[in-house]
Amino acid sequence: MTVDRPLRASLLERLLLPVWLETARRVEAGTEPAAIDAAVRRLGIPMGPCERIDAAGIDAVRERVETLRDRGLELSIPSILQELLEEGRHGVTAGEGFHTYDGGDQAAIPRERRYEADPLAVLAPAIDASTRLLEADVVTEDAVDDAVRS
């Protein structure tokens, strides 16, 4: 079953944004971005959350959180995002964000770091959000699967 684009985009935001915020909090607490990304990649996911934030643009992620907060969602913006922006580290397009991008859009994530962080710790918010949506009968399992695989 294919899910229409607006629903897929909404689901992705609902599932990814909490992961990205938890990831930023983990980095603030001292976990290195490369360790988080390597751990998530270990599960067969092609990009880690720090890489995804960099690809989306740190400024765009911050703006989206602010928009949702203005709509009444209780979200806080981890200070690391503001710090990166103040340093001019906006993500892939700037050549630097959580990672450095030397002339490309791929970060060098050392595979040997894949056991330095717990991938479940950053993915748990997406699991929780998808479970709540399924229990509330807002989406189907197929819709969640389709959204996260896109």
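These legends describe close-up views of a predicted model.

Residues are numbered from 1 along each chain as its sequence is written. Because the model is predicted, local features need pLDDT of at least 70 and side-chain atom pairs count only at pLDDT 80 or more, while totals for chains, interfaces and linings use all residues, and side-chain values use heavy atoms, with hydrogens and water left out.

**Figure 1. Confidence across the protein, given as pLDDT.** pLDDT is the predictor's confidence in each residue, from 0 to 100. The protein has a mean pLDDT of 89, and 94% of its residues reach 70 or more. Among its elements, H2 has the highest mean pLDDT (97) and H7 the lowest (82). Helices are DSSP runs of H or I with at least four residues, and they are numbered from the N terminus. Where pLDDT is low, the predicted coordinates should not be read in detail.

**Figure 2. Helix H2 (residues 33–41) packs with H3.** The angle between H2 and H3 is about 110°, and their axes are 7 Å apart. Axes are lines fitted to C-alpha atoms, for helices over the stretch in contact, and angles run from 0 to 180 degrees between N-to-C directions. H2 and H3 are therefore roughly perpendicular to each other, a term for angles of 65 to 115 degrees. Pro33, Ile36, Asp37, Val40 and Arg41 of H2 make the contact (heavy atoms within 4.5 Å) with Pro49, Cys50 and Glu51 of H3. By class, these residues are five nonpolar, no polar and three charged. Nonpolar covers Ala, Val, Leu, Ile, Met, Phe, Trp, Tyr, Cys and Pro; charged covers Asp, Glu, Lys and Arg; the others, Gly among them, count as polar. Eight of the nine residues of H2 are buried, so H2 is largely enclosed by the rest of the structure. Buried means under 20% relative accessible area and exposed over 50%, with partly exposed in between (1.4 Å probe, protein chains only). The buried residues of H2 include Ile36 and Asp37.

**Figure 3. Glu51 in helix H3 (residues 49–56).** Glu51 counts as buried, at 2% relative accessibility. Pro49, Cys50, Ile53 and Asp54 of H3 are buried as well. Apart from neighbours within four places in sequence, Glu51 is in contact with Asp37, Arg41, His99, Tyr101, Gln106, Ala107 and Ile109. Just after H3, Gly57 has a positive phi of about 100°.

**Figure 4. Thr23 in helix H1 (residues 5–28).** Thr23 has a relative accessible area of 0% and is buried. Beyond neighbours within four places in sequence, the contacts of Thr23 are Ile36, Pro49, Cys50 and Val122.

**Figure 5. Helix H4 (residues 58–70) crosses helix H5 (residues 79–86).** The two axes come within 10 Å and cross at roughly 140°. That makes H4 oblique to H5; oblique is what remains once angles under 35 degrees (roughly parallel), over 145 (roughly antiparallel) and 65 to 115 are set aside. Ile58, Asp59, Val61 and Arg62 of H4 make the contact with Leu81, Gln82, Leu84 and Leu85 of H5. This contact has five nonpolar, one polar and two charged residues.

**Figure 6. Asp137 in the loop between helix H6 (119–135) and helix H7 (141–149).** Asp137 has a positive phi of about 60°, although it is not a glycine. Most residues other than glycine have a negative phi. Asp137 is exposed, with a relative accessible area of 66%.

Conventions. Helix = DSSP H or I, 4+ residues; strand = E, 2+ residues; numbered from the N terminus.
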